[in-house]
Amino acid sequence: GSGWECARILDALDGAREIYFDRVSQIRMGTETGSWTRGRVTLVGDAAFCVSLLGGQGSALAMAAAYVLAGELHRAGDDYASAFREYEKRFAPFVLKKQEAALRFAGVFAPKSKFSMFMRNQIFNLLKISWVANLAAGRDLVDDLALPEY
């Protein structure tokens, strides 16, 4: 009686011979500078800071990180270690905020009870009102990352 696509999904499960499950996760490399880097290798995108499908924006974050890394590599010349440090120092605090925001929203996307699902649906109905949406979620959805000009 959950509505939407639930009946079709349950019917399909009855006839399935195999079921695949996955998990929603984040990649957290650490908060200390240097945790994304080892030697001449540094991580970018989901390898360094997967926010998760709960936060979205994986491609956009990866492109922004690649831009910052390329700029820092150019600025540092032959000193890749300095470039890696600056890239991480500039980008890690922003990513950590994104990861925290995704964790706060996790219960919204994957409620643990029927009551939680009911409450989520009621809140989503209220979020159709723009000023309510801005008040409730605006601070977590608006990015404050100023990309430097290289």
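What follows is a short chat about a cavity and a pocket in a predicted model.

Colleague: How many cavities of 30 Å³ or more does the count come to?
Modeller: One. This is a predicted model.

Colleague: What volume does the largest cavity have?
Modeller: About 50 Å³.

Colleague: Which residues line the largest cavity?
Modeller: Ile27, Arg28, Met29, Gly30, Trp36, Ala48 and Phe49 are in the lining, along with Ala92, Val95, Leu96 and Gln99.

Colleague: And which helices each supply at least two residues of that lining?
Modeller: α2 (46–49) and α4 (80–109) do. The largest share comes from α4, with four residues.

Colleague: How does the lining of the largest cavity divide into nonpolar, polar and charged?
Modeller: Eight residues are nonpolar, two are polar and one is charged.

Colleague: Changing topic to pockets. How much space lies in the second largest pocket?
Modeller: About 160 Å³.

Colleague: What lines the second largest pocket?
Modeller: Ser2, Gly3, Trp4, Cys6 and Ile9 line the second largest pocket, together with Met117 and Arg120.

Colleague: Which helices each supply at least two residues there?
Modeller: For the second largest pocket, α1 (6–15) and α5 (114–126) each supply at least two lining residues.

Colleague: And by class, what does the lining of that pocket have?
Modeller: The second largest pocket has four nonpolar residues in its lining, plus two polar and one charged.

Conventions. Residues numbered from 1 in each chain as written. Predicted model: local features only at pLDDT ≥ 70, side-chain atom pairs only at ≥ 80, totals over all residues. Heavy atoms only, no water. 1 Å grid on protein atoms, 1.4 Å probe; cavity = no way out; pocket = protein on both sides within 12 Å on 5 of 7 lines; lining within 4 Å. Points joined across faces, edges and corners; volume = space filled by probe spheres on them. Nonpolar A, V, L, I, M, F, W, Y, C, P; charged D, E, K, R; others polar.
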